Amino acid sequence: MSYVSSNRKPLLSRKATNDGHAEKSPYFDGWKAYDKDPFNPTQNPSGVIQMGLAEHQLCFDLVQEWLVSNPEASICTKKGVDKFRDIALFQDYHGLPAFRNAVAKFMGRVRGDKVKFDPDRIVMSGGATGAHEMITFCLADPGDAFLVPTPYYAGFDRDLCWRTEARLLPVVCHSSNNFKVTRKALEEAYAKAVEANISVKGLLLTNPSNPLGTILDRDTLREAMSFINEKNIHLICDEIYAATVFRQPDFISIAEIIEEDQEYNRNLVHIIYSLSKDMGFPGFRVGIVYSYNDAVVECGRKMSSFGLVSSQTQYLIASMLSDDQFIGKFLLESAGRLATRHNDFTDGLCQVGIKCLNGNAGLFLWMDLRGLLMDSTVEAETALWRVIINDVKLNVSPGSSFHCSEPGWFRVCIANMNEETTKVALARIREFVLRNGNKPNRKEKCWQSDLRLRLSFRRIDDVLRSPCIMSPHSPIPQSPLVRTRT
């Protein structure tokens, strides 16, 4: 494709021709490898298994059952078609009142009903990708920066930086303390930015973490609030995996923290939410910015014109999220199924001496393959990843694509496949590790051995009372980025 005219003037914009989209990464290269050779148990049993896509596919039977029982929720059925005209004509960027009310109620329930959310602060966007870009446009000018603890979601470099021209500065975290976000690390990152004369506009936290599958504890969240108040910078909390917590400790939202101390400046706090992960609806593109800052809400509403959730989707979601009985069942079943899948997979890895970070949330594992590296370098990690993708035929994502400071960690998505495919994936991993002579210290127990989770052993009333259970992209043609917030 030609980007330059005959008189040497650029034909396309700088945005169209730069690499800011961040697609040139092993994270997305793995998707391309899968797209070229996708696994199929009968038609292509030796193909690549997709383990780089954080989708929640374990509960679609529950959703389909609800849809069959509630045909009036869709304007494309006999029982719902009477609403077709009104919904098809609706284009108010505030959103359907029923939709905003239902989302606000659902956000509270996912967080154990410990906090309430104001429907008037719900701002729509085209998925969490659009929500992150929207909040960045509201808070930052080109060249401004946000601090982000590592490792962090590979798509953030695109979501927050490509079109806004903001930048992300890493807050380096380490495996020695399970990648905990510390005040010391925050201060060091901030000091480096000041020394480089970079304007820091905020701190971005992901809770639960993608890719770690862990949650931030109360003390860490309080420390983050203290830090941003002292520096007078914003705090963006990405909570799109809030309902994927499947065991203790419970999820704690930043909304809960600011309720505990009225001295915190709420105007600095903004929550990103979505239904892509918690409900498994990435294709619906339901993204939410929930800001405690009136000016951000007002500006965000204006910007939402560029990425609204379709009125048809709003109508369906409003009906579904308003069904308390269904939502209660869904959240309980989702947590149980995620727990079972997580437990089965980590047990399988443990059998060949592979350990994972002790996580309790998300749709993935943070797998430790440092023992298989030739040396502790990104180059060695990349070489190992190429073997896994090309020979083992598994699309797992290397830690370097998440800006991890330590080579050898890999994110493995486990909720986007059925049980049969999971068994095939585990068998391939076991065969690869045993073939390559990995000999871990058998005296070191995998943490899973001491933390087995079998929900069937828990009293159902204990499960129902547990807050973590009851609370629980614009694509480029032929690009893996068609599925963005992963």
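Modeller: Start with H403, which is partly exposed at a relative accessible area of 33%. Keep in mind throughout that this is a predicted model.

Colleague: Why is H403 called partly exposed?

Modeller: Buried means under 20% relative accessible area and exposed means over 50%. The value for H403 is 33%, so H403 is partly exposed. This residue sits in the loop between β12 (397-398) and β13 (409-413).

Colleague: Where is D113, and is D113 buried or exposed?

Modeller: D113 belongs to the loop between α5 and β2. Its relative accessible area is 56%, and exposed means over 50%, so D113 is exposed.

Colleague: How do you know how many disulfides the structure holds?

Modeller: A disulfide is a covalent bond between the sulfur atoms of two cysteines. To be counted, the two sulfur atoms must lie within 2.5 Å. The count for this structure is zero. Take C404: the closest cysteine sulfur is in C173, at 9.5 Å, and that is too far for a bond.

Colleague: Is C404 buried or exposed?

Modeller: C404 has a relative accessible area of 11%, which is under 20%, so C404 is buried. C350 also counts as buried, because its value of 17% is under 20%.

Colleague: What makes Q351 exposed?

Modeller: Its relative accessible area is 57%, and the cut-off for exposed is over 50%, so the word applies to Q351. Q351 lies in the loop between α13 (324-350) and β9. The C-alpha atom of Q351 is 8.2 Å from that of R430, although 79 residues separate the two along the chain.

Colleague: Why is N360 called buried?

Modeller: With a relative accessible area of 5%, N360 falls under 20%, so N360 is buried. The residue is placed in the loop between β9 (355-356) and β10 (364-368). Leaving aside residues up to four places away in sequence, N360 touches G213, T214, I215, T244, V245, F246, R247, Q248 and P249.

Colleague: What kind of peptide bond joins Q248 and P249?

Modeller: The bond is cis, with omega about 0 degrees. P249 lies in the loop between β6 (234-238) and α10 (254-260). The peptide bond from T150 to P151 is cis as well, with omega near -5 degrees. P151 is in the loop between β3 (145-149) and α7 (156-159).

Colleague: Which residues of α11 are buried, and how do you know that they are on the same side?

Modeller: In α11 (residues 294-303), the buried residues are V296, V297, G300 and R301. They cover an arc of only 135 degrees around the axis, and therefore lie on the same side of α11. An α-helix has 3.6 residues a turn, so residues three or four places apart point the same way. The face turned away from the buried side of α11 carries the exposed residues D294, A295 and K302.

Colleague: What do the buried residues of α11 pack against?

Modeller: Their partners are α5 (97-110), β2 (122-126), α6 (127-139), β7 (269-274) and β8 (286-291). At the start of α11, a side-chain oxygen of N293 comes within 2.9 Å of the backbone nitrogen of A295.

Colleague: What makes α3 a helix with a buried side?

Modeller: L62, V63 and W66 are the buried residues of α3 (residues 60-69). Their arc around the axis is only 95 degrees, which means that they are on the same side of α3. On the face turned away from that side are the exposed residues Q64 and V68. The buried residues of α3 pack against α12 (311-321) and α13.

Methods
Residues are numbered from 1 along each chain as its sequence is written. This is a predicted model: local features need pLDDT of at least 70, side-chain atom pairs count only at pLDDT 80 or more; totals for chains, interfaces and linings use all residues. Side-chain values use heavy atoms; hydrogens and water are left out. Buried means under 20% relative accessible area, exposed over 50%, partly exposed in between (1.4 Å probe, protein chains only). Helices (H or I, at least four residues) and strands (E, at least two) are DSSP runs, numbered from the N terminus. The arc is that of the directions from the helix axis to the C-beta atoms. Contact means heavy atoms within 4.5 Å. A polar contact is a pair of N or O atoms within 3.5 Å; within protein, one must be able to donate a hydrogen and the other to accept it, and residues adjacent in sequence count only if both atoms are side-chain atoms.
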